[in-house]
Amino acid sequence: MSFREKVVLITGGTSGIGRATAIAFAKEDARVVIVGRNEERGKQVVNLIRELGGDAIFIKADVSSEKDVSKMIKTVVKKYGKIDILVNNAGVILVKPIIEMTEKDFYYLVDVNIKGVFLCIKHAVPYMPRGSVIINVASILGHVGAKNCSIYCATKGAVIAMTKALAWELASKGIRVVSVSPGSVETPMLLQEMKLEAMKEGVSVDEIKRRKEKLTALGRIAKPEEIASVILFLASKKGSFITGADLIVDGGRTAV
Ligand SMILES: NC(=O)c1ccc[n+]([C@@H]2O[C@H](COP(=O)([O-])OP(=O)(O)OC[C@H]3O[C@@H](n4cnc5c(N)ncnc54)[C@H](OP(=O)(O)O)[C@@H]3O)[C@@H](O)[C@H]2O)c1
């Protein structure tokens, strides 16, 4: 699965699944562009990749800002001339009952999880050659419900729907569009979610983790690398007939 000469842009590459994906692509010789708001974490990932002999740069951008996204794409195109693989991974979660959700909370989730995906695709597509791939990181919560996650679930459902529609729209340009729906993955986002759940339920974080593990057929939570490897497969020639599909990677969590 060599990605030599391929330019890969990963939003939310500063942490968790995005970070693991950036490292995995770099190990397969891709030119990796890491995007996020946290410069320090972004530079740490770039330095790690360079130490491993890989090629990476960091661009500070907020995916919910069209100004930032437009500037970010221009920077990539100026440096590399194209984008072969776009991984829309940046995402945020809020765990709150619907009656406590404010309008601001609603737009926080929608602006990053839906608008961010829309903006990155809109601005990247003109620079994506035939054979390019867009991979959107959705969630099993776009397929099944979860208490206190209604708007997050709605945003991930929207990403899956957008993926299907764009697969049709961009096929004539030779661009495949796919999504990945992870179950629970060991990242700072999951930790934040588990802490909140633990507080609300009055139990320990370890107890919440055990409950999540029990919900999967494999009896454990995924490592970010186990999502990254699926993203690489979908982006590779091995996935050449896959478009408009959503691949669930959840250790059997939704296989009920
Ligand atoms: N962990 C799970 O269990 C799980 C399960 C299903 C789906 N997912 C999805 O997987 C994706 C990655 O999540 P993760 O678990 O790896 O979370 P994470 O460790 O919290 O990472 C989230 C990433 O998104 C970036 N980000 C957030 N808002 C952004 C914005 N406005 N502009 C640019 N970047 C932004 C963050 O970068 P900065 O802080 O540098 O901006 C960070 O790199 C998300 O879409 C999430 O919904 C996660």
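**Exercise 1. Which residue of strand 2 does Thr11 stand opposite?**

Let's work this out on the model, which is a predicted one.

- Start with the two strands: strand 1 covers residues 7-11 and strand 2 covers residues 31-36.
- Next, check how they run. They pair in the parallel sense, over five bridges.
- Now look across from Thr11: the residue standing opposite in strand 2 is Val35.

**Exercise 2. Work out the strand order of the sheet, then find which strands stand at the edges.**

- A quick reminder: strands of a sheet pair through backbone hydrogen bonds, either parallel or antiparallel.
- Here we have an open sheet of seven strands, with parallel pairing and the order 3-2-1-4-5-6-7.
- Read off the ends: strand 3 (55-60) and strand 7 (246-249) stand at the edges. Each has a single partner strand, so one side of each is left without a neighbour in the sheet.

**Exercise 3. Describe how helix 3 packs against helix 4.**

- Two packed helices are described by the angle between their axes and the distance between the axes.
- For helix 3 (residues 66-80) and helix 4 (residues 103-124), the axes come within 9 Å and cross at roughly 35 degrees.
- As for handedness, the crossing is right-handed.
- Who touches whom? Helix 3 brings Glu66, Val69, Ser70 and Ile73, while helix 4 brings Leu119, Cys120, His123 and Ala124.
- Sort those by class and you get five nonpolar, two polar and one charged.

**Exercise 4. Characterise the shell around the ligand.**

- Count first: 28 residues surround the ligand, and the closest are Gly12, Gly16, Gly36, Gly91 and Met189.
- Then ask which elements give two or more residues to this shell: they are helix 1 (16-27) and helix 6 (188-201).

**Exercise 5. Compare the radius of gyration of the chain with that of a compact globule.**

- The chain has eight helices and seven strands.
- With 256 residues, a compact globule would come out near 18 Å; the chain has 18 Å, so the two agree.
- If you want a box, the C-alpha atoms fill one of roughly 50 × 35 × 35 Å along the principal axes.

How values were computed: Residues are numbered from 1 along each chain as its sequence is written. This is a predicted model: local features need pLDDT of at least 70, side-chain atom pairs count only at pLDDT 80 or more; totals for chains, interfaces and linings use all residues. A residue is near a molecule or strand if its C-beta atom, placed from the backbone, lies within 6 Å of it. Helices (H or I, at least four residues) and strands (E, at least two) are DSSP runs, numbered from the N terminus. Two strands pair if DSSP finds at least two bridges between them. Axes are lines fitted to C-alpha atoms, for helices over the stretch in contact, and angles run from 0 to 180 degrees between N-to-C directions. A crossing is left-handed if the near helix is turned anticlockwise from the far one by less than a right angle, and right-handed if clockwise. Two residues are in contact if their C-beta atoms, placed from the backbone, lie within 7 Å. Ala, Val, Leu, Ile, Met, Phe, Trp, Tyr, Cys and Pro count as nonpolar, Asp, Glu, Lys and Arg as charged, and the others, Gly among them, as polar. The radius of gyration is taken over C-alpha atoms; the globule rule is 2.2 Å times the number of residues to the power 0.38.
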